[in-house]
Amino acid sequence: MPVSRRGLLAGTAVAGAALAIPGTASAAGAITTTSAKIGPGDARYQDLVLRGQNRRFVAKPDYARVIQSSEDAVAAVQDAVRSGKRIAVRGGGHCFEDFVDSSDIEVLLDMSTYDAVTWDPQYRAFSIGAGAILETVYKELFFGWGLTVPGGGCLGVGVGGHFAGGGYGPLSRKYGSVVDHLYGVEIVVVDARGRARSVVATRDNEHRDLWWAHTGGGGGNFGVVTRYLMRTNGSSGRSPAESLPKAPAALRSSVLLYDWKTTTQAGFLRTVRNWFDFFEQHNTADSPYATLYAPFILTHSSAGQFLLSTQIDAAAPNAAELMKAFNAAMVAGVDPKPQVIDVGEGAFLHTTMERSIGETATPGRGKYKAGYLKKGYTDEQILAMYRGLTDTTYTGPTSSVLLIPYGGKVNTVPSDATAAAQRDVVAKMVLSASWDTAADDGKNLAWARKVYADIYRDTGGVPAPNAINAGSYINYPDVDLADPAYNKSGVPWHDLYYLGNYPRLQQIKSKWDPRNVFHHKLSIEPS
């Protein structure tokens with residue numbers, strides 16, 4: 001059975017699914033139109049407003065416009081500002097909260113057809129349209145030049161928000177955050193007089209502050225990004241071939257499949273501790289395990305199983321032995337041991353498409369909560385996960401806790417060099433509840449909030465920075481962090497996401513969006 005974004009982040013993956021995941025195209029890839037206003041009476045309207053992948057939220061804007069050029073974006077923004085209408089921008093449609101699909105959005109700018117991936121000789125960088133999804137980017141860069149970017153494992157995610165928020169993925173431990181390869185942005189901004197214009201901000205021009213804001217500041221804060229210019233930090237851009245990371249030729253992969261029926265509390269504790277211990281011990285950029293990526297998909301017990309899905313660059317020295325040693329470390333002291341499935345070696349792009357998260361045409365409803373980890377959770381925190389995942393009063397086979405290895409090359413960059421401040425981490429955690437009907441909203445939201453609060457009981461219910469926690473990830477936004485009913489830590493939401501970089505982001509916000517045209521529930525506030 002195929003695995004969707006909802007499925008992997010919500011943990012429905014099982015062994016067979018992990019071995020056969022089909023590729024997919026953008027949900028709106030077939031739309032062709034101009035930048036005309038598309039209102040409720042237009043046949044295209046419903047398809048545009050229903051592109052969001054979290055059906056808890058559905059917008060009803062006055063109109064939508066399909067953006068196909070920078071000029072389109074300038075005109076659309078200018079018209080909305082002149083009319084005093086609230087603007088939202090949609091790329092791939094994967095925002096976890098209602099930043100786009102909010103009831104007060106009046107103008108929806110859809111970027112999905114503005115998705116070209118080309119080499120720009122003027123800037124000596126790859127130009128990627130802000131409407132491109134990761135599947136398009138991976139295919140174009142690989143087939144065209146044999147290159148890649150360390151972006152995410154969800155094929156349908158749009159680069160528009162993913163890049164600006166400090167995206168990451170299976171190759172980040174080797175190549176760093178995706179923002180470490182961001183050379184510039186082309187963006188439509190609005191000045192104090194209400195005038196919309198397009199500017200290009202790069203890491204070495206007069207608008208460097210605006211570039212910096214997009215290296216982890218998150219989407220929807222400063223303007224409408226129309227293009228990203230990608231060139232690895234330190235590369236001269238003399239030729240395309242040297243401007244982004246070389247893609248591996250092949251990947252070796254395996255799956256460890258665990259049975260909830262035979263998993264005891266002690267077994268779960270040892271299993272998760274093995275995972276944390278391994279990545280704490282192998283978290284340097286020069287580690288032989290730098291290309292090893294092993295997300296642990298801990299589904300609720302009502303799913304019957306949970307799994308560990310692993311891949312490594314097949315060209316890494318002794319890759320087969322490294323994989324074998326990793327799997328041995330994972331099962332050490334675990335009884336009964338999980339099923340170990342050696343998937344073998346496969347071509348890079350083909351394997352990436354198989355192991356990535358496919359789009360779904362029937363998205364459901366969800367709530368997502370996250371945290372960065374400087375080191376593994378305490379035993380009590382792991383047991384809190386266990387209690388939540390084995391709660392028999394809750395049935396959620398598509399709900400999960402996802403543990404994702406991070407760090408490596410990411411940690412070689414100073415915290416203030418980019419807006420993405422978390423540069424001393426070993427892993428990320430994503431807790432997700434996933435369901436189908438509005439009638440089930442209450443019980444699923446309650447479960448997610450209870451488990452998260454239990455994990456972070458000692459720090460006010462949130463990942464307040466300390467020896468273990470490093471806040472949270474803005475691309476997994478959670479409005480609960482701004483609500484004192486759920487965040488009792490005394491640490492404001494913006495410090496959880498941006499740590500010490502928030503005051504600088506506020507200054508840039510005041511300079512480039514002085515009218516606060518671009519805002520949402522967790523947007524950067526002007527200084």
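This is a predicted model: local features need pLDDT of at least 70, side-chain atom pairs count only at pLDDT 80 or more; totals for chains, interfaces and linings use all residues.

Where is Gly-237 found? Select Gly-237: this residue sits in the loop between strand 8 and strand 9 (250-259). Helices (H or I, at least four residues) and strands (E, at least two) are DSSP runs, numbered from the N terminus.

Before going on, note that residues are numbered from 1 along each chain as its sequence is written.

**Stop 1: around Gly-237**

Gly-237 is buried, with a relative accessible area of 2%. Buried means under 20% relative accessible area, exposed over 50%, and partly exposed in between (1.4 Å probe, protein chains only). Now show the neighbours. Beyond those within four places in sequence, Gly-237 is in contact with Trp-119, Arg-124, Arg-231, Glu-242 and Ser-243. Contact means heavy atoms within 4.5 Å.

**Stop 2**

Strand 4 pairs with strand 5 (residues 125-129) in the antiparallel sense over 4 bridges. Two strands pair if DSSP finds at least two bridges between them. Here Val-117 stands opposite Ile-128 in strand 5.

**Stop 2: the nonpolar cores**

Select Val-77. Which residues does Val-77 touch, not counting those up to four places away in sequence? They are Ile-87, Leu-109, Val-188, Val-190, Ala-196, Val-224 and Phe-518. Val-77 is among the residues with the most contacts inside the largest nonpolar core, which has 124 residues. Others in that group include Met-230, Phe-268 and Trp-275. Apart from this core lies another, of 20 residues, among them Phe-96, Ile-341, Ile-404 and Tyr-406. A nonpolar core is a set of buried Ala, Val, Leu, Ile, Met, Phe, Trp, Tyr and Cys residues joined through side-chain atoms within 4.5 Å.

**Stop 3: strand 1**

Pick strand 1 (residues 63-66). Both of its faces are covered: Tyr-63 and Arg-65 are buried on one side, Ala-64 and Val-66 on the other. Strand 1 pairs with strand 3 (residues 107-110) in the parallel sense over 4 bridges. The bridge partner of Val-66 in strand 3 is Asp-110.

**Stop 4: helices 12 and 13**

Select helix 12 (379-389). Helix 12 is mostly covered, with 8 of its 11 residues buried. Those buried residues pack against helix 9 (265-281), strand 10 (296-299), strand 14 and helix 13.

Move to helix 13 (441-455). Its buried residues include Trp-447, Val-451 and Tyr-452. They pack against strand 13 (365-373), helix 12, strand 14 (400-405) and strand 15 (427-435).

**Stop 5: Ser-472**

Follow the chain past helix 13. Ser-472 is in the loop between helix 13 and helix 14 (493-498). Is Ser-472 buried or exposed? Ser-472 is buried, at 2% relative accessible area. A polar atom of its side chain lies 3.1 Å from the backbone oxygen of Ala-370. Ser-472 also contacts Gly-371, Tyr-372 and Leu-496, among others.

**Stop 6: backbone details**

Select Asp-335 and Pro-336. A cis peptide bond joins them, with omega about 0°. Pro-336 is in the loop between helix 10 (319-331) and strand 12 (339-347).

Now try Asn-318, in the loop between strand 11 (305-313) and helix 10. Its phi is positive, near 60°, in a residue other than glycine. Asn-318 is exposed, with a relative accessible area of 54%.

End at Asn-516, in the segment after helix 15 (502-512). Asn-516 has a positive phi of about 55°, although it is not a glycine. Asn-516 counts as partly exposed, at 26% relative accessibility.

Definitions and conventions:
Side-chain values use heavy atoms; hydrogens and water are left out. A polar contact is a pair of N or O atoms within 3.5 Å; within protein, one must be able to donate a hydrogen and the other to accept it, and residues adjacent in sequence count only if both atoms are side-chain atoms.
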